[in-house]
Amino acid sequence: MASTSPESAAAGETNDSIHIRRLELSDHERGFVALLSQLSACPDLTASEFATRFAELAAQGDDHAILVAEDPSASDRRILATGCLFVERKFLRGGGKVGHVEDVVVDAAARGSGLGLRIVRRLVEIAREAGCYKVILDCTPELRAYYAKCGFVEKGVQMAVYF
């Protein structure tokens, strides 16, 4: 899950200073958890709690990828956007795999800059490289048009039980 070098930009992306890369342990200090709180309730984690969860997710190898966007030239190197892909291994389709995109959020100050699109496209690319036969995500009705721009089509209905 962790990386020490930025992911290469996908074809057609602007050549700016923003880097898309895998989550690193040091991203706790760069506002990663605070960014997630712009998406949903996300109480702060201590450095120790973050490190424990980071290690658990890293143990899943390539079946769990968290990407972040950062401007390495900025003095605070705050995380500007993030998204997650986890790979579900199935018995269906001859033991196929499905990619699930989750937790996509762009900092309020950076919205409209294309960072979310870059993150989602890179997650889809990772899923394709992993051999997934499809990639799915859940979103609110207000975000349908946005994810359509990312190449997704509406399919089915999502239902949930919360605890």
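Buried means under 20% relative accessible area, exposed means over 50%, and partly exposed lies in between, with a 1.4 Å probe and protein chains only.

The model is a predicted one, in which local features need pLDDT of at least 70 and side-chain atom pairs count only at pLDDT 80 or more, while totals for chains, interfaces and linings use all residues. Residues are numbered from 1 along each chain as its sequence is written, and side-chain values use heavy atoms, with hydrogens and water left out.

**Helix 4**

Select residues 115-129 next, which form helix 4. Helices (H or I, at least four residues) and strands (E, at least two) are DSSP runs, numbered from the N terminus. The expected span of a helix is 1.5 Å times one less than its number of residues. The 15 residues of helix 4 should therefore span 21 Å, and the end C-alpha atoms are 21 Å apart, in agreement.

Colour the buried residues of helix 4: Leu115, Gly116, Arg118, Ile119, Val120, Arg122, Leu123, Ile126 and Ala127. They pack against strand 1 (19-22), strand 2 (64-70), strand 3 (79-89), strand 4 (97-106), strand 5 (134-137) and helix 5 (144-149). Just after helix 4, glycine 131 has a positive phi of about 90 degrees.

Centre the view on isoleucine 119. Beyond its neighbours within four places in sequence, isoleucine 119 is in contact (heavy atoms within 4.5 Å) with Ile20, Leu67, Val68, Ala69, Ala81, Thr82 and Gly83.

Now display the five strands, which make an open sheet in the order 1-2-3-4-5 with mixed pairing. Strand 1 and strand 5 are the edge strands, each pairing on one side only. From one strand to the next, the twist averages 25 degrees. Two strands count as paired if DSSP finds at least two bridges between them.

Bring helix 4 back into view: it packs on the sheet, touching strand 1, strand 2, strand 3, strand 4 and strand 5. The direction of helix 4 makes about 25 degrees with that of strand 3. Axes are lines fitted to C-alpha atoms, for helices over the stretch in contact, and angles run from 0 to 180 degrees between N-to-C directions.

Step across the sheet from strand 1. Strand 1 and strand 2 are antiparallel, with four bridges; isoleucine 20 has alanine 69 of strand 2 as its bridge partner. Strand 2 and strand 3 also run antiparallel, joined by seven bridges, and histidine 64 stands opposite phenylalanine 86 in strand 3. Eight bridges link strand 3 to strand 4, again antiparallel, and valine 87 has glycine 99 of strand 4 as its bridge partner. Strand 3 is mostly covered, with eight of its eleven residues buried.

**Cysteines**

Select the cysteine sulfurs next. A disulfide is a pair of cysteine sulfur atoms within 2.5 Å, and the whole structure has zero disulfides. The closest cysteine sulfur to that of cysteine 132 is in cysteine 84, 12 Å away, which is too far for a bond. For cysteine 139, the nearest cysteine sulfur is that of cysteine 150, at 9.7 Å. Cysteine 132 counts as buried because its relative accessibility is 14%, whereas cysteine 139 is partly exposed, with a relative accessible area of 35%.

**Three further stops**

Select histidine 28, in the loop between strand 1 and helix 1 (32-36). Histidine 28 is buried, at 17% relative accessible area. Setting aside neighbours within four places in sequence, histidine 28 is in contact with Val33, Asp44, Leu45, Thr46, Ala47 and Phe50.

Move to alanine 47, in helix 2 (residues 47-58). With 46% relative accessibility, alanine 47 counts as partly exposed. Alanine 47 and serine 75 lie 28 residues apart in sequence, and their C-alpha atoms are 21 Å apart.

Finish at aspartate 16, in the segment before strand 1. Aspartate 16 is partly exposed, with a relative accessible area of 37%. Between aspartate 16 and aspartate 63, the separation is 47 residues in sequence and 29 Å in space, C-alpha to C-alpha.
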